[in-house]
Amino acid sequence: MIDTKLLDLAVQDLRNVLRDGLVATDIWDRADGLTLAGFNQQPVAVALFTRITSELESSLADSNFPPLARYYLLDMEGSHTVAVINHGSLLQGVLVDNKRANLGILISVAIPRMIEAVAKAKAR
Amino acid sequence: MTHRSVSWTDAESVAQLLARATGPKRAAPGGAVARLAPVMPAAAAVAKPRLASVPPVAVAGGRGAEATAAVPRLQQYSDNPSDRLDLLLAWTLDHQRCTGAFIADDNGLTLAAHGISEAHVSLVGPLLSALLAVRSIPGVDATAGALWLGTNMMSWVEARTHRGGFCLGTVGPEALSTQALEQLKDALETTVRGL
């Protein structure tokens with residue numbers, strides 16, 4: 001059982017931390033692609049990153065590489081960075097304008113806070 | 001090549017914080033902070049800084065004892081990490097002898113900076129890694145220090161949390177005193193405790 005109110009609060013906290021550097025975020029169930037919380041939600045991105053993450057994980061396993069841990073990053077054209085956070089049964093995509101936010105805040109503050117908050121929501 | 005923002009902080013809000021913290025000592029917004037950093041989009045309102053006074057401390061210098069101006073202790077009242085970092089940076093720029101300041105994680109990724117390039121901030125990553133071996137020597141703390149960059153001196157302090165290490169540094173013509181480093185460390189620990 002996942003407390004979606006806590007997920008909403010976590011998204012609000014993410015918005016406060018990244019301010020206008022946060023372009024969009026979705027938290028979704030990787031089994032059915034259902035978005036549970038988000039800001040400026042992107043259904044196409046949910047489908048895309050579910051598939052990319054699944055293929056990445058299977059490719060890592062097939063290559064005997066260590067499995068995906070907390071997140072992976074994509075540097076996109078147009079000064080955007082995508083972070084896909086692995087919450088276990090849930091995935092989260094975070095699209096950041098890297099002219100307005102920076103990687104230090106994203107990696108050292110925003111992502112750890114998000115991981116803790118989603119873990120609490122899943123534990124309820 | 002992308003142009004990543006080195007400065008997460010908003011120059012206008014930092015200038016407002018400086019003005020509140022120092023009263024008439026600092027000129028209107030557009031002063032030192034504006035010179036140090038590009039204008040960034042307006043940020044959320046930050047908590048009003050409250051600075052606790054500490055008594056002046058006499059410091060014995062090479063040219064005789066000299067009373068230094070009291071540096072107010074930084075107190076954080078906001079839960080928002082960005083506001084806390086803004087306030088720490090403003091406090092550092094206002095109360096320490098420096099031309100620039102930065103906050104970074106222990107990988108050298110910038111969390112906030114003014115007046116220093118991202119390349120220089122990234123030095124923190126290998127620097128702190130190298131110090132791990134130094135810290136294995138009994139009695140050596142090595143959580144603060146100074147490094148000559150060629151034209152400037154970078155002084156830094158480090159604080160650790162359950163989420164990893166954070167570094168507060170300054171650049172200026174000279175290394176900061178041990179007293180100033182202790183003030184920085186206290187301010188950094190106060191700030192990262194809530195991140």
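This is a predicted model: local features need pLDDT of at least 70, side-chain atom pairs count only at pLDDT 80 or more; totals for chains, interfaces and linings use all residues.
Five strands build it, and it is open, with antiparallel pairing and the order S2-S1-S5-S4-S3 in chain A. At the edges you'll find strand S2 (35-39) and S3 of chain A, each pairing on one side only. Ignoring direction, neighbouring strands in this sheet are turned by 10° against each other on average.

Now zoom in on one of those pairings. S3(A) and S4(A) run antiparallel and are joined by 6 bridges. To find one of them, look for Tyr71(A), whose bridge partner in S4(A) is Ile85(A).

Next, the helices. Helix H3 (residues 103-123) of chain A packs on the sheet and touches S1, S3, S4 and S5 of chain A. Its direction makes about 35° with that of S4(A). Helix H2 (residues 43-62) of chain A lies across S1, S2, S3, S4 and strand S5 (90-97), running at about 115° to S5(A).

Finally, have a look at two loops. Arg19(A) sits in the one between helix H1 (4-18) and strand S1 (22-29). Its phi is near 50°, a positive value in a residue other than glycine. Arg19(A) counts as buried because it has 20 C-beta neighbours inside 10 Å. Ser79(A) is in the loop between strand S3 (71-76) and strand S4 (80-87) of chain A. Ser79(A) isn't a glycine either, yet it has a positive phi of about 60°. With 15 C-beta neighbours inside 10 Å, Ser79(A) counts as partly exposed.

Terms used: Residues are numbered from 1 along each chain as its sequence is written. Chains are lettered from A and ligands numbered from 1 in the order in which they are written. Helices (H or I, at least four residues) and strands (E, at least two) are DSSP runs, numbered from the N terminus. A residue is buried if 20 or more other C-beta atoms lie within 10 Å of its own, exposed if 12 or fewer, and partly exposed in between; C-beta atoms are placed from the backbone. Two strands pair if DSSP finds at least two bridges between them. Axes are lines fitted to C-alpha atoms, for helices over the stretch in contact, and angles run from 0 to 180 degrees between N-to-C directions. Two residues are in contact if their C-beta atoms, placed from the backbone, lie within 7 Å.
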